[in-house]
Amino acid sequence: MKLTTLYEVLQNSLKKFSTRTAFSLWRGAGVTYSEVGERVKQIQDMLVDADIHPGDRVAILSSSVPNWGIAYFAITSAGYVVVPIMPDFTSEDIDRIVEHSETKALFVSDRLFSKLSKKTADKLHIVVRTKNLGIISQNVKDGKGEMRMPKPEDLAAIIYTSGTTSQPKGVMLTHYNLCSQLWMIDKLFMVYETDIFLSVLPLAHTYECTIGLILAFYHGSHVVYLDKAPTVSTLLPALKEVRPTIMLTVPLIIEKIYRGAVLKKFTSNAFMRTLYGVGFIRRFLHRMAGKTLTKTFGGRVRFFGIGGAKLDSTVEQFLLEAKFIYDIGYGLTETAPLLAGAVDGMLRLGSTGPLLQGVEGRIENPNEEGIGELVVKSPSQMVGYYKNEEATRAVFTEDGWFRTGDLACFDKDGWLYIKGRLKNMILGPSGENIYPEDIESVLNQHVFINESLVTEHDGHLVALVNFDKEAIKARYEELVEDWEEKKEEWGKIRDEIMEDIKQWINSKVNRNSRITEVVEEEDEFVKTPSKKIRRFLYDGRGKKKE
C-alpha cells in the first residue's frame, strides 16, 4: 500500500512496530515506537495551546536527537508545516529564515538557542527544548489552536537551501513529494525493521531526513544518533559499539578517510609510492585496506549511502577495488531528494546509476559529447520556492519539468553521469566547455592537496589549492625539526611543490583543461552547511576581499 501523507506513515509505524526501539542516542536511552506516539501527542497539545493552526510554520533548530524526529512527525501529522534549519547556519541566517517563513513555534537544542536573537524569540508563540520537550518561553497563553489531518497535496515542509542571500530560497515539499520517495527508494533498496542506522549527518539535511528518518521510521528500523561531530575520536568507538547495518554520509567524510588513512599510508616514502604506482599491487593494497575499513565500520554495513555532492573518482576507484560496500545517490533538496541511485552490485565508476522508477529525465541543449543540463519530472519534485515566484519560474520548463542546474549525460544503458554544475562551467577561449569539478577531482588525488578549486583568470585556468601540511611535513622531515628557523626554506619548497603540481595535473588532463597557475589558499575553503565549497566567494586568484 502506498502511503501518501506523513500522518499515514506515523500511524502505520506506531501500529506495526509499537514495542520496537525507534530512536536512541549513542550510549543513551532508547525510545520505542509506542513512546514516540505518546510524545507526538504531548507536542501537539503544546502547539494547540500555543494557538498554532493548520498551515502554520513550526521550525526545528537542533542537533540530531530522538526528539528531532518526534517533533518532525508531530508537526507534519497535525497539518502544520515543518521548517528544518541547519545547525551550521549563522545567527543572521536563522533570524532571516524564521522571519521569511513566518515561523510561529520553534523546537531548539540548548547549544543552538543562543544563536536566536531575543527579538526573534519574542515574536514566537512558543519555544520548546528538544532535549526534554520543556517549554523555554510561551507568549500565547490558553490558545485555541487546532489540528487537521493533512492531505497528500498539503504543504509538509519548507527547507531553506541557503541562508546567506537577501532573498532566501525555501523549498516547498508536499506530503506526497516526501512520501513518494518511500516507494521509489524501496524499488532500489529494501530497508527492514531489523536494520540499525547510525546517523551522523544533520537531520535538517533533506538526504538524512528522508532516508535516515522517514524511510527508517516507515520500515520500523532503529536509528542511533551520534549527537556530536563525526570526528575520528567519536566516530570510531560509536561504529564499534553500534555496528550499524545502514549509514549515510557525504563524500567529504569518506574522502577524508581515504586521504588521511589510506593514501597517506601508501605514499609515505619513495618505496611505497613506487609500489602503489603498480596497478596490481595497488589493487592488492586497496583490498587489504578495504577489509580493515569494513571491520572499522562494525562489519555489518549492508548499505553505505554516499550523496549530497559528487564523489571524487579516485576515492570511488579505491572503494571499488577495496570491495567495500557502498551506494551512490543523486538528487537535490528540490526533489526531496533522490532522483537516481546505484547500490552494491550495480555500480559503475563515475555514475550515479539509473533514474529511480517513476522519474523521467532528459538532457537539454546537449553538446557533441551528449552533455547538457539535466531536467527531470518526478513525483517528488517541489511545488516551488516559498514567496519567490521569479525563482520558481526560472527552474521549471514550460512543460513542467524541473531544471536541476547540473550538467550530465546518459550512457547507452541509461546510467546517469553528473559532470558538474551548469553555473560552474567555464567557457574556454575556443568556445569549448571546461568542467572545473573534473579537474578538481584529479587535483585532489595529489598527496599534498587537501582540497582544490579551479577558477578562471584573464582567460586562463587557475588552481586554488589548500595544502595538506601534515603530508608535506612527513615528506620533508627536516622541516619538522626546527620549523621556526626553516620558514624561508619552506617558501622555496612550496614554490617547487606548486610547480610540480602544475606539471603533474597538466600531464593528466586534456589540452583545454590545463592549468596556467597554482595558487595556495592557506585556509580551508569556506563551505555551506552541507559541506560544499562556496565557490562564489572566490575569484580567479583566491578569496574575494570582504
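The model is predicted. Its largest nonpolar core holds 148 residues, and a second, separate core holds 23. No disulfides are counted.

- Strand β13 spans residues 303-306 and is covered on both faces. F303 and G305 are buried on one side, and F304 and I306 are buried on the other.
- In a regular strand, side chains alternate between the two faces of the sheet.
- Strand β12, residues 246-249, runs parallel to β13, and four bridges pair them. Within β13, the residue opposite L248 is G305.
- β13 also pairs in the parallel sense with strand β14, residues 327-331, over two bridges. I306 is set opposite I328 of β14.
- Between β13 and β14 the chain passes through α13, giving a right-handed β-α-β crossover.

**E321 in helix α13**

- Helix α13 covers residues 313-322 and contains E321.
- E321 has a relative accessibility of 16%; because the cut-off for burial is under 20%, E321 counts as buried.
- The side chains of E321 and H286 make a polar contact of 2.7 Å.
- Beyond four places in sequence, the contacts of E321 are R282, R283, H286 and R287.

- β17 and β19 run antiparallel and are joined by four bridges. G372 has A408 of β19 as its bridge partner.
- β19 pairs with strand β20, residues 416-421, in the antiparallel sense over five bridges. C409 has Y417 of β20 as its bridge partner.
- A hairpin is formed by β19 and β20, with five residues between the two strands. In its turn, G414 has a positive phi of about 90°.

**I371 in the loop between β16 and β17**

- I371 sits in the loop that links β16 (360-364) to β17 (372-377).
- The relative accessibility of I371 is 7%, which means that I371 counts as buried.
- Leaving out residues up to four places away in sequence, I371 touches I363, N365, P366, L407, A408, C409, K419 and Y435.
- I371 and I418 are separated by 47 residues in sequence, and their C-alpha atoms are 9.1 Å apart.

**Nonpolar cores**

- In the largest core, the residues that touch the most other members are L47, Y72, F107, L213 and F217.
- Helix α8, residues 206-218, supplies the largest share of this core, with nine residues.
- L213 is in contact with F23, W68, G69, Y72, F73, L203, E208 and Y225, leaving aside neighbours within four places in sequence.
- The second core, of 23 residues, is separate and includes L443, V465, I493 and I515.

**Cysteines**

- The disulfide count is zero.
- C209 takes part in no disulfide, and the nearest cysteine sulfur, that of C179, is 11 Å away. A disulfide would need the two sulfur atoms within 2.5 Å.
- C209 has a relative accessible area of 6% and is therefore buried.
- C409 is likewise buried, with a relative accessible area of 12%. C409 is also among the residues that I371 touches.

Conventions
Residues are numbered from 1 along each chain as its sequence is written. This is a predicted model: local features need pLDDT of at least 70, side-chain atom pairs count only at pLDDT 80 or more; totals for chains, interfaces and linings use all residues. Side-chain values use heavy atoms; hydrogens and water are left out. Buried means under 20% relative accessible area, exposed over 50%, partly exposed in between (1.4 Å probe, protein chains only). A polar contact is a pair of N or O atoms within 3.5 Å; within protein, one must be able to donate a hydrogen and the other to accept it, and residues adjacent in sequence count only if both atoms are side-chain atoms. Contact means heavy atoms within 4.5 Å. Two strands pair if DSSP finds at least two bridges between them. A crossover is right-handed if, with the strands pointing away from the viewer, the path from the first strand over the helix to the second runs clockwise. A nonpolar core is a set of buried Ala, Val, Leu, Ile, Met, Phe, Trp, Tyr and Cys residues joined through side-chain atoms within 4.5 Å.
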